[in-house]
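The following exercises ask the reader to characterise a two-chain model step by step. Please consult the sequence and the coordinates while working through each solution.

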Amino acid sequence: MRPGPAVMRRVDLADVVGGLLLVAFGLWFASYALEHYAYGTARRMGPGYFPAWVGFLVAGLGGVIALLGLVRPGDPIFIRFRPLLAVTTATAAFALTVERFGVVPAVVVLVFVAALGESPFRLVRTALLALGLAALAVMLFAWGLGIPFQPFRWNP
Amino acid sequence: MSDLLANLAMGFSVAFSLKSLFWCFVGVFLGTFIGVLPGIGPLATISMLLPVTFHLDATSAIIMLAGIYYGANYGGSTASILLNLPGTPSSAVTCLDGYPMAKQGRAGVALMATTLASFIGSSIGILLFTGFAPALAEVGLKFGPAEYFAMMLLGLVAASTVATGAPIKGVAMVVVGVALGLVGTDVQTGQQRFTFGLLPLADGIGLVSLAMGLFGIAEVINSVGRVARQESTYRSSVLPWTRDFWRAMDPGREDWRRIPGSSVRGSAVGSFFGALPGTGPTISAFLSYALEKKIARDPKRFGHGAIEGIASPEAANNAAAQTAFIPTLTLGIPGDVVMALMLGALIIQGIQPGPRLVVEHPQLFWGLAASFWIGNVMLVILNLPLIGIWVAILRIPYSILYPSILVFLVIGVYSVNNSVFDVVTCVLFGVIGYAMNLMRFEPAPLLLGFVLGPLMEEHLRRAMLLARGDPMVFLQRPISATFVAITAALLLLALWSSVKPKRAEGFSAPV
């Protein structure tokens with residue numbers, strides 16, 4: 001699994017990027033808390049006291065991680081865009097369709113888009129899977145558990 | 001003693017009700033199922049089933065979730081033995097000797113040995129659970145807010161530093177989790193924090209959306225196109241009443257004698273480390289393997305199909321899976337992330353895990369203890385005579401599996417409040433989880449921090465109010481001071497191992 005020295009980078013990019021993101025998040029979190037919520041005293045802590053310190057702690061740890069990442073080599077980062085896009089689009093498509101057309105169409109859309117994450121795309125298999133899962137979802141959740149689902153609806 | 005028996009009798013009457021039996025079976029069946037399948041673990045499954053538990057009573061819910069957890073350990077070894085591919089991280093060691101056994105044509109023997117060892121491990125773990133949990137709860141009743149805060153601190157630091165490859169990144173993830181846990185309405189002042197005027201955030205970020213995003217969706221993104229179809233060479237006759245079926249599982253006299261001793265040793269290791277925060281089934285399995293190798297008369301057999309090498313780790317991870325419930329239920333301190341999910345599920349049900357749980361919800365506590373026994377008996381039946389089913393399941397291609405996982409994830413999230421907002425949050429955390437994965441930040445500590453964060457803030461504020469704002473209170477009270485000292489030691493150790501050149505990949509938490 002581990003790539004050889006040839007592809008190793010001189011800095012641990014993952015730690016540097018991740019650490020810096022944590023610094024940004026932590027500082028934002030702390031400053032937002034200090035700005036909007038009462039700080040209080042150590043004895044009577046306000047709603048801003050704990051979040052402010054949590055934010056600073058995140059930022060501090062992020063800084064240490066980034067610094068340590070600068071002084072040692074690490075593996076490169078590979079982003080696999082195809083599954084990332086397929087899965088997020090599929091779930092987003094479900095979110096967009098479920099209120100408008102109901103659970104069954106939403107599941108069918110989800111399965112078809114998700115199947116694009118892998119090649120080859122098999123039409124018949126995907127269609128059968130989509131219908132089967134939609135039926136199963138209605139049976140298990142709506143009938144089995146009694147959740148008020150609408151299998152179909154028209155509310156574009 | 002008679003109290004214990006009366007309580008157990010009550011527990012069995014709960015666990016033997018038709019409803020409990022049904023949910024226990026669902027739990028252990030699903031546990032074995034996902035344990036066998038590489039690419040989906042107990043964590044993702046328990047996240048997926050959290051929404052279902054909203055429609056059950058608390059006892060059924062926890063019985064089912066627990067069943068998934070310990071059931072996965074049984075199933076995990078099956079994939080390790082037959083495919084050399086651990087179904088769950090806690091069964092990774094079982095590959096070392098289990099797969100060589102399969103190659104020698106002794107797969108049936110290995111399956112028999114791991115199932116037996118698992119049962120022995122579980123039994124010892126359950127005995128300790130029923131014996132020690134009520135006693136520990138008595139101790140916990142004496143704790144004040146300072147002790148609770150210090151203990152949670154220790155739990156979080158231990159879980160994020162001991163079990164991960166990069167301790168400092170683990171600690172950072174815990175704190176990020178604590179930050180996310182603070183979103184929502186502040187209990188003491190009613191102030192809405194970090195909600196940005198979004199109504200659904202007033203109750204905080206949903207545990208279901210967060211867990212399913214980080215573990216479910218991120219894991220699917222990560223596995224699509226990677227998990228190849230595996231073929232097992234094991235051809236068992238699926239009919240358990242034939243003689244050949246059982247003959248293939250007979251270890252022979254030599255190995256029969258080795259199973260009990262190694263199982264008991266493994267159980268001891270597992271029971272101990274399972275109850276400690278931060279060290280769960282996975283570490284227990286590795287440690288017990290190392291122990292067996294050390295005390296063996298002929299250590300060279302290990303790695304070439306030594307039966308102790310599979311019996312001991314399997315006993316250990318099952319014992320650990322049972323004793324992990326001790327601190328979770330009696331102190332409200334989850335030792336690992338799966339336990340954090342259980343804790344979250346109980347809190348959602350309106351039950352606060354802690355020293356009062358045994359007294360206030362005896363039905364739940366003793367019913368769960370009794371269901372452990374029943375579940376483990378079910379597991380032996382599922383994993384020995386019915387092994388053929390699981391071997392067949394190993395042939396399901398991932399291209400069918402992952403859209404199905406996605407459908408259940410998304411519908412599960414949606415069903416909690418019939419809310420599209422929850423689905424969107426979940427996808428967002430899925431992307432964040434994938435990014436964390438790319439940068440090798442582990443999501444498990446984040447979830448632990450998320451569950452414990454709000455409780456920690458509450459105890460901290462209460463402790464400081466009682467101490468009139470003097471932080472020395474955490475060092476003046478002996479129990480709290482001990483926890484703080486251990487925490488500091490762990491942090492120093494973590495810092496040291498972060499500065500020193502990168503060590504080999506650690507054991508990651510079971511996903």
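## Confidence of the model

The mean pLDDT (the predictor's confidence in each residue, from 0 to 100) of chain A is 88, and 94% of the residues score at least 70. This is a predicted model, in which local features need pLDDT of at least 70 and side-chain atom pairs count only at pLDDT 80 or more, while totals for chains, interfaces and linings use all residues. Residues are numbered from 1 along each chain as its sequence is written, and chains are lettered from A and ligands numbered from 1 in the order in which they are written. Over residues 1–6 of chain A, pLDDT stays under 50, and the model has two contacts for them beyond four places in sequence; two residues are in contact if their C-beta atoms, placed from the backbone, lie within 7 Å.

## Exercise 1

Determine whether the radius of gyration of chain B agrees with that of a compact globule.

Step 1. The radius is taken over C-alpha atoms, and the globule rule is 2.2 Å times the number of residues to the power 0.38.

Step 2. For 511 residues the rule gives a value near 24 Å; chain B has 22 Å, which agrees.

Step 3. Buried residues (20 or more other C-beta atoms within 10 Å of their own, with C-beta atoms placed from the backbone) make up 61% of chain B.

## Exercise 2

Identify which helices of chain B supply at least two residues each to the side that touches chain A.

Step 1. The contact involves 52 residues of chain B and 51 residues of chain A.

Step 2. The largest share, 11 residues, comes from α19(B).

Step 3. By class, this side of chain B has 35 nonpolar, nine polar and eight charged residues, where Ala, Val, Leu, Ile, Met, Phe, Trp, Tyr, Cys and Pro count as nonpolar, Asp, Glu, Lys and Arg as charged, and the others, Gly among them, as polar.

## Exercise 3

Step 1. B:Leu4 belongs to helix α1 (residues 2–15) of chain B.

How values were computed
A residue is buried if 20 or more other C-beta atoms lie within 10 Å of its own, exposed if 12 or fewer, and partly exposed in between; C-beta atoms are placed from the backbone. Helices (H or I, at least four residues) and strands (E, at least two) are DSSP runs, numbered from the N terminus.
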